[in-house]
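Biologist: I would like to go through how side chains pack in a model like this one. Please give the general idea each time, then the case at hand.

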Amino acid sequence: QVQLVDSGGGLVQAGDSLRLSCAASGRTFSIYTMGWFRQAPGKEREFVAATNWSARDTYSADSVKGRFTISTDNAKKTVYLQMNSLKLEDTAVYYCAAARRSVIGNWWYRHVEYDYWGQGTQVTVSS
């Protein structure tokens, strides 16, 4: 089993920055892909970004490109989501996710492909 603990959310104003963290523990050797998703009230879970532990292969949603950056600390088994220039529409619960498959291939945006999930951290952007 793998445990994910995500943190770093909060209440910020539009234009501000936040950095989310997700610490993985347990059988982390079985994990090859880490991702971030978000879910706003009344909406489906939405892909934000994904990467492998080396962070050589990263993918992000068009809605966050140029503003959000996913990165990793392989030694700490921690993945980060740096969020800059936050907008009102970024308000959501953000979830860290882990998958037991390589990030290579066109699947990392599908939340059903991930095996483990964090508990979620709330990000609220106000005007």
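Modeller: Start with aromatic rings: two rings of Phe, Tyr or Trp count as a pair if their centres lie within 6.5 Å. The model is predicted. One aromatic cluster is formed by F37, F47, Y59, Y95, W107, W108, Y109, Y114 and W117.

Biologist: How many aromatic pairs does a search of the whole structure find?

Modeller: The search gives nine aromatic pairs. One of them joins Y95 and W117: the ring centres are 6.4 Å apart and the planes stand at 80°, so this pair is edge-to-face. Y95 belongs to strand β9 and W117 to strand β10, so the pair ties together parts 22 residues apart in sequence.

Biologist: What is the geometry of the rings of W108 and Y109?

Modeller: Planes over 60 degrees apart count as edge-to-face. The planes of W108 and Y109 are at 80°, with ring centres 5.6 Å apart, so that pair is edge-to-face. W108 counts as buried at 13% relative accessibility, while Y109 counts as partly exposed at 35%. Y109 also has a charged neighbour: R110 lies over the face of its ring, at 5.3 Å from the ring centre.

Biologist: Which residue lies over the face of Y80?

Modeller: That is R19, at 4.2 Å from the ring centre of Y80.

Biologist: Last, the largest nonpolar core. Which members touch the most other members?

Modeller: A nonpolar core joins buried residues through side-chain atoms within 4.5 Å. The largest has 38 residues, and L4, M34, W36, L81, M83 and Y94 touch the most other members. Elements giving two or more residues to this core include β1, β3, β4 and β8. β9 gives the most, with six residues.

Biologist: Which residues does M83 touch, leaving out those up to four places away in sequence?

Modeller: M83 touches D16, S17, L18, L20, R67, F68, Y94 and V123.

How values were computed:
Residues are numbered from 1 along each chain as its sequence is written. This is a predicted model: local features need pLDDT of at least 70, side-chain atom pairs count only at pLDDT 80 or more; totals for chains, interfaces and linings use all residues. Side-chain values use heavy atoms; hydrogens and water are left out. Buried means under 20% relative accessible area, exposed over 50%, partly exposed in between (1.4 Å probe, protein chains only). Helices (H or I, at least four residues) and strands (E, at least two) are DSSP runs, numbered from the N terminus. Contact means heavy atoms within 4.5 Å. Rings of Phe, Tyr and Trp (its six-membered ring) pair if their centres lie within 6.5 Å; planes under 30 degrees apart count as stacked, over 60 as edge-to-face and the rest as tilted. A charge sits over a ring if NZ of Lys or CZ of Arg is within 6 Å of the ring centre and within 35 degrees of the ring normal.
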